[in-house]
Structures are given as structure tokens and as C-alpha cells.
Amino acid sequence: MTWITVTLLAFALGVVAQVRVRSPLANPTLIATLLVAALLLLTRVPYATYLREVGPIQGLLAPAVVALAVPLYRLRALLIRQWRALALSGLAGTLAAVGVDAGLARALHLNTDAQRSLLTAPATSPVALQLAHLTGAPPALAATLAVLSGLLGALILPPVLTRLGIRHPLARGIAIGAVSHGIGTARAREEGDLTGAASSIGMGLAALIVTLVVAGLSRS
């Protein structure tokens with residue numbers, strides 16, 4: 001129970017910081033990740049031990065992801081009318097993210113494990129974890145890079161979209177979801193239900209498209 005308590009307290013501190021400090025850096029997931037990682041390093045507790053102890057929290061991940069679909073149901077009529085634009089933009093955003101991750105990994109001469117792990121980074125971490133068996137990437141590294149991708153996307157993408165003058169909630173949501181999946185979708189919901197719903201669609205499309213890309217590459 002020790003690490004479950006530590007994790008929940010770290011996330012609670014992140015929520016408090018987000019309420020009091022109106023900054024993109026005051027992200028509860030980012031703050032909790034940094035605090036827990038620091039404690040693991042200080043106490044020299046292996047990550048495998050931590051992962052085993054927080055298993056009950058991991059079990060809540062699936063229902064939490066399903067809960068992101070609630071805005072989809074409420075706004076289904078509008079989203080159905082815009083399905084072509086959402087599907088095309090989700091496809092373009094995900095393929096761009098996969099291309100950038102793969103290109104940067106090669107340009108930076110990262111090792112094979114990192115290149116394979118980055119290939120699935122645009123997908124949500126549970127999907128990346130399962131796809132690691134197809135890509136041959138270390139599952140822990142694939143899941144970690146997917147989480148980092150989500151964190152960076154949630155921090156950087158919203159202000160970048162604002163700077164580019166992209167203010168339509170559907171456009172912002174699909175872009176955020178296609179790159180930063182669940183963490184980005186939680187951030188997108190702060191902008192409104194429509195942005196959050198579009199981000200949920202982007203997250204789902206990214207998981208599907210990355211899976212198809214990996215399946216195609218594994219057969220070639």
C-alpha cells in the first residue's frame with residue numbers, strides 16, 4: 001500500500017498545484033510522475049517492484065479510458081456530421097506523429113530498442129505496451145515513451161495551436177488526441193466538452209492507425 005499511497009498523494013499535490021498555479025507546467029500527471037520517479041531513485045526501489053505494488057491503480061486505467069467516451073455519446077449527433085473531417089485529420093495527425101518519431105530516432109542515431117519504442121509512442125500506453133511484442137521493443141520502454149509523448153503533447157501542443165491561430169474546438173481536440181492520447185485528452189477536456197470529445201476520437205484513431213502501421217511493418 002505504500003507506493004499506492006505515495007502515487008495518490010503525488011497526484012493530489014499535482015491537482016492542488018494546477019488549481020493554484022495557472023500554468024501548463026502544473027500538470028498533475030507530470031508532477032506525480034516526477035515526484036514518484038524522484039522517490040524511486042532516492043529509495044533505490046526497482047521499477048518492477050513499484051509496478052507490482054500499484055497494480056490495483058493500473059486496474060482502474062481501463063474504466064478511466066472508457067469514461068473518456070462519455071462526451072462522445074453526448075455530442076454524437078454533431079460528431080457524426082463531422083466524421084469525414086475528424087477521420088482525415090486524425091489520420092494525418094497520427095501518421096505525422098509516427099513519421100516525426102521515426103525520423104528523429106534515426107536522425108539522432110538512437111539504438112534499436114529506442115527506435116522501435118518510439119514507433120508506438122503516438123498510441124496510448126496500454127496499446128504501446130501490447131504492440132511492443134510485435135515491434136520487439138522492451139515493453140517498459142515503449143510504455144514509458146508513450147507516457148512521455150502524452151505529457152509533452154499535453155504541455156506543448158495547446159499553446160502552439162493557440163499561437164498558430166487554431167481555435168476551433170474540433171481542430172484543437174483532434175490534434176491533441178492524435179499526438180498525446182489520454183493525458184492530452186484530459187488536458188483538452190479543460191477547454192470544453194467538444195474539444196475533449198474530438199480529442200477522444202483522435203486518441204482512438206491514433207491507437208487504431210499505429211496498430212495497423214505496426215502490423216503492416218511486421219509482415220514486411
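**View 1. Overall fold of the predicted protein.** The protein holds 13 helices and zero strands, where helices (H or I, at least four residues) and strands (E, at least two) are DSSP runs numbered from the N terminus. The radius of gyration, taken over C-alpha atoms, is compared with a globule rule of 2.2 Å times the number of residues to the power 0.38; the value for the protein is 17 Å, close to the 17 Å that the rule gives for 220 residues, so the protein is as compact as a globular protein of that length. The model is predicted, with local features needing pLDDT of at least 70 and side-chain atom pairs counting only at pLDDT 80 or more, whereas totals for chains, interfaces and linings use all residues. Residues are numbered from 1 along each chain as its sequence is written, and side-chain values use heavy atoms, with hydrogens and water left out.

**View 2. Burial in the protein.** Of the 220 residues, 37% count as buried, that is, under 20% relative accessible area with a 1.4 Å probe and protein chains only.

**View 3. Axes of H10 and H11.** The axes of helix H10 (residues 125-135) and helix H11 (residues 139-163), which are lines fitted to C-alpha atoms over the stretch in contact, with angles running from 0 to 180 degrees between N-to-C directions, come within 8 Å and cross at roughly 150 degrees. H10 is therefore roughly antiparallel to H11, a term that applies to angles over 145 degrees.

**View 4. Residues joining H10 and H11.** Ser 125, Ala 128, Leu 129 and Ala 132 of H10 meet Pro 139, Ala 142, Ala 143, Ala 146 and Val 147 of H11, contact meaning heavy atoms within 4.5 Å.

Notes. Parallel < 35°, antiparallel > 145°, perpendicular 65-115°, else oblique. Buried < 20%, exposed > 50% of the residue type's maximum accessible area, 1.4 Å probe, protein only.
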